[in-house]
Amino acid sequence: GHVKYSELQTTARDFKRENMGCCLKDRDILQLSSWLGEDCHFKLLYKISRDGGSAEKFHELCDNKGPTVTIFYNTDNNVYGGYLSRSWQRSGGWITDGSSFLFQLYSNRKWNPNMFEVKDTESNVYFDEDHGPKFEDLNSFSGIIEKTSDYYEMIKDDLFRNSYYETRDNDAESIANGHNNVTDLEVYLVKEGLRKPWQEPPVWEPQTLESLKKFIGSFEPNEELNVPEVNILLVGQVGAGKSSVVNTINSIWKGEISTRSWAGSSEHSLTTSFTRYKIRDPSTGTYLKFRLCDMRGLEGDMNVKSEDIASLLDGHIPNKYKFNPAAPATKDTPGFVKEPTIKDMIHTVVFVIDGSNVEVMPDEIVKKLKDIKEMLIVRDIPLMVFETKIDKVCSEVDKDVEEVFYSETVKTSVDKVADVIAIPRSHVFPIKNYEKEGSLQTGISILALRALKQALLFSEDFLENQS
């Protein structure tokens, strides 16, 4: 039942990737893992210095998540906390958790680990919407707590009184220097199973999102080629989420959920015209240096003509051209660009594929995608995939999109997509479009911008090859 030290080191490395800005050190993670049992990892849910001292916010971020560890960082460099084997709740009053325990990690900066097991299993944890984490013998705060000077003054009543938890010869003075003033308080979700991502996950922090926005916002194509913006073409089966990709990217930059392109379920493609969408950066009032090009969805007998695809890739098809499944565009079509330059061409193609139905994708759609891929190879145009609807692929990802790179189900679907299209797995980007959400979420936005960044880099590669 013991965890190998090498495995715990892996846990610590994965923890650091997931929890940038946390206060825990590697040795803390190893010690908590040994107390909590075999194969455990931690994910930061709530941090008072980041999320604010509000019981409402604590419950919003921590309720119904599962077992948690709460950690207090005392102003005298004492670190202590408590483990709850159940989920935090807004109501219930005093409840019994016979598996809970309190602990100490540091005493006046010195490493001094101690675990204090529960000795009275009657009513040892408190659930209430007006309280933060509250154990018998270790309370945090109620209502809203403001930072005083450089610390938060937590409740110290009954602190480590050796009443419900066996602290032995230890007490509030020896564990916490007799007070409960903290520089920070953190709550971590505890899960079984070592963290072994199938792909290096991003750091799920607002700083990561801002870094991606900064890169994309400052991106400019090669000036020597006189290309004002790169053209990224979205191709996919009806209902795969092409138009939702446009809406998702636009929403991220606008700062709220928005709709630029018709999206939703329909027997036939809701998008009937070729449209180049510009995304505006509200902070500068200028348009970003790329165009998301949406086209008619691929569907059975009403597929877009191969001649139209070729013309589109080569820059002949004008903006707002309405596809005719019966006949391709010709040089007599209004707006047809007879002598396109490199700025008119498509610089990267993104296949948008619904990850939840890749196993049952119609043969004619797969064939069409492969035919388009052959056109790209001839023209040396980069190809990548945005795999959408990953929340429908895995229930854990539906609950928390940040689980995507730890989900074996998502990994399997990504592998399947890579095999079907015959491209490297690293060119398949799992994303989740904004569809049912009422507000922006950091994790969803990071996945979308991470994929968009790669599309811009691929476009840059294409332009360099052309030069």
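On a 1 Å grid over the protein atoms alone, a cavity is a set of points where a 1.4 Å probe fits but cannot get out, and lining residues have an atom within 4 Å of a point. Grid points are joined across faces, edges and corners, and a volume is the space filled by probe spheres set on the points. This is a predicted model, in which local features need pLDDT of at least 70, side-chain atom pairs count only at pLDDT 80 or more, and totals for chains, interfaces and linings use all residues. Residues are numbered from 1 along each chain as its sequence is written, and side-chain values use heavy atoms, with hydrogens and water left out.

A search of the whole structure gives 1 cavity of 30 Å³ or more. The largest cavity holds about 40 Å³, and its lining includes Gly236, Gln237, Val352, Ile353 and Asp354. Strand β15 contributes the most to this lining, with 3 residues; strands (E, at least two residues) and helices (H or I, at least four) are DSSP runs numbered from the N terminus.

In α8 (residues 306-314), the buried residues are Asp308, Ile309, Ala310, Ser311, Leu312 and Leu313, where buried means under 20% relative accessible area (1.4 Å probe, protein chains only).

The largest pocket has a volume of about 1,000 Å³; a pocket is an open set of grid points with protein on both sides within 12 Å along at least five of seven lines. Of its 26 lining residues, Lys43, Leu61, Lys65, Asp400 and Glu402 are the closest to the centre. Elements that give two or more residues to the lining include β1 (40-47), α4 (55-62) and α13 (442-466).

Aromatic rings of Phe, Tyr and Trp (its six-membered ring) pair if their centres lie within 6.5 Å, and planes over 60 degrees apart count as edge-to-face. The count is 15 aromatic pairs. Phe116 and Phe160 make an edge-to-face pair, with centres 6.2 Å apart and planes at 70 degrees. Because Phe116 lies in strand β6 (residues 110-117) and Phe160 in the loop between β10 (152-153) and α5 (172-176), the pair ties together parts that are 44 residues apart in sequence. Phe116 is buried at 0% relative accessibility, and Phe160 is buried at 1%. Elsewhere, ring pairs link Tyr46, Phe58, Trp88, Phe127 and Phe135 into a cluster.

Notes
Rings of Phe, Tyr and Trp (its six-membered ring) pair if their centres lie within 6.5 Å; planes under 30 degrees apart count as stacked, over 60 as edge-to-face and the rest as tilted. Buried means under 20% relative accessible area, exposed over 50%, partly exposed in between (1.4 Å probe, protein chains only).
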